[in-house]
2 protein chains.
Amino acid sequence: MTDAGTPLSATPRTRLRRMKEKGRTDRGALFEVLRAGLVCHLGVLVDGCPMVVPTVYGFDTDHLYVHGSVASRSLTTGAEACVTITIVDGLVLARSVFEHGVNYRSAMIYGVPRPVTEPAEKLHGLRLLTEHVSPGQWDYARRPDRRELAATVLLALPLAEASVKTRSGPPDDGAGPDAALGLWAGELPLVSSWQQPVADPALPAGVPAPAHVAARVGTRVDRSGGSAGLPQSPDDLGQG
Amino acid sequence: MTDAGTPLSATPRTRLRRMKEKGRTDRGALFEVLRAGLVCHLGVLVDGCPMVVPTVYGFDTDHLYVHGSVASRSLTTGAEACVTITIVDGLVLARSVFEHGVNYRSAMIYGVPRPVTEPAEKLHGLRLLTEHVSPGQWDYARRPDRRELAATVLLALPLAEASVKTRSGPPDDGAGPDAALGLWAGELPLVSSWQQPVADPALPAGVPAPAHVAARVGTRVDRSGGSAGLPQSPDDLGQG
């Protein structure tokens, strides 16, 4: 078992080299990014070349689970992958083009993806994934039957080697000679939020969206601020 | 010169294998995704392993330009990269967990990144990149001087081998047996939009944000609908 206080490994590639960005190696920072994100970008090797695939994810204290149907068809067994989760918080508009940038939070997780085959772990991973993108949906929708479970490709990555990088705040040229240019500078924040649900036209008229869906309208995708504590422990595999 | 009608190459890896998703190989579809996105995920090989780095991009008819400071430090010369741009349009909430999914648009571009060294092309690429994330900013902010230009790492990828995938619309289980479950199903759309600018605290009080920044408040990041025609031709390198 790991906990939020265990530092993530800092290998040479996860060590930070850009001074302006802030690196964090604690697990709490990783879980904040995982909670704030919605999809990840999974980088795998295919015939010796990188392929970057967007996909959904879920996580517990020890593992990241990703939907792997596209990547897995050509996944090299035992080869390492890199999964990156990025939240763009806004633009950094400086006095000079050179100092422009992006305020963001990102996590890069390295590891060898393991295809999940054991049904209880597959259910556990699918539940985490479903609840990450749409909390409440696992208890509302029909859960996978044996055939569907077998047809689902799920990959697990250990949350062992990772780096978290963030940048926030105003541009860096406010105290330099460019401040005398008299130009406006600052941040242009960006927010992703859920809109009114659109009912499937195949539904009978007047079926309302369930409360756990309707309640999200107008809320932000980023749920990192509202959640407290650790993600679920993998000990209760397949429960719920 | 290429134009919007030239098909993108469809190599085995860019051929589509998932039936529910819609693949497009025309260049117009690629430019729609490039216009709609804000950041990309650049996948490169580092010591034989994939590394996926979020970064900003710009583009003209022939090239994708990406800011390459992080990736380039360990970039294997001549090795192929994959750049993926993803726009998440919403969740697909089906009757069964198995049919859940994401409505999205994505482009995967394959190619060997070329470090841009010629100053005119570097200026051209930086202008495209700056104007992609913040239209109007290139003419407002101070442009890079010779020293800054030399310190900027910019990579160019040819827009030659790419695939575009999209999914839109309601879930697919509205006509199957699960429709009898009487559950709500549909889409939960997601929109990313610009918020009120936050002035740099180093600014004197009362300096208003310029019109090209203020005008974005409340607008969507996705500009694919508003733009018409082709992106800029690379013929006017370094102009403007």
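## Terms and basis

A polar contact is a pair of N or O atoms within 3.5 Å; within protein, one must be able to donate a hydrogen and the other to accept it, and residues adjacent in sequence count only if both atoms are side-chain atoms. This is a predicted model, in which local features need pLDDT of at least 70 and side-chain atom pairs count only at pLDDT 80 or more, while totals for chains, interfaces and linings use all residues. Residues are numbered from 1 along each chain as its sequence is written, chains are lettered from A and ligands numbered from 1 in the order in which they are written, and side-chain values use heavy atoms, with hydrogens and water left out.

## Extent of the interface

Contact, meaning heavy atoms within 4.5 Å, joins 84 residues of chain B to 84 residues of chain A. Together the two chains bury about 7100 Å², of which 68% lies on carbon and sulfur atoms; buried area is the accessible area (1.4 Å probe) that two parts lose on being put together, summed over both. Of the area that chain B buries against chain A, 11% comes from Pro50(B), Val97(B) and Trp184(B), more than from any other three residues.

## Polar contacts and salt bridges

Between chain B and chain A, 26 residue pairs are in polar contact, both residues being at pLDDT 80 or more. The interface also holds 4 salt bridges, each a side-chain nitrogen of Lys or Arg within 4 Å of a carboxyl oxygen of Asp or Glu. The side chains of Arg95(B) and Asp200(A) form a salt bridge, at 2.9 Å from N to O.
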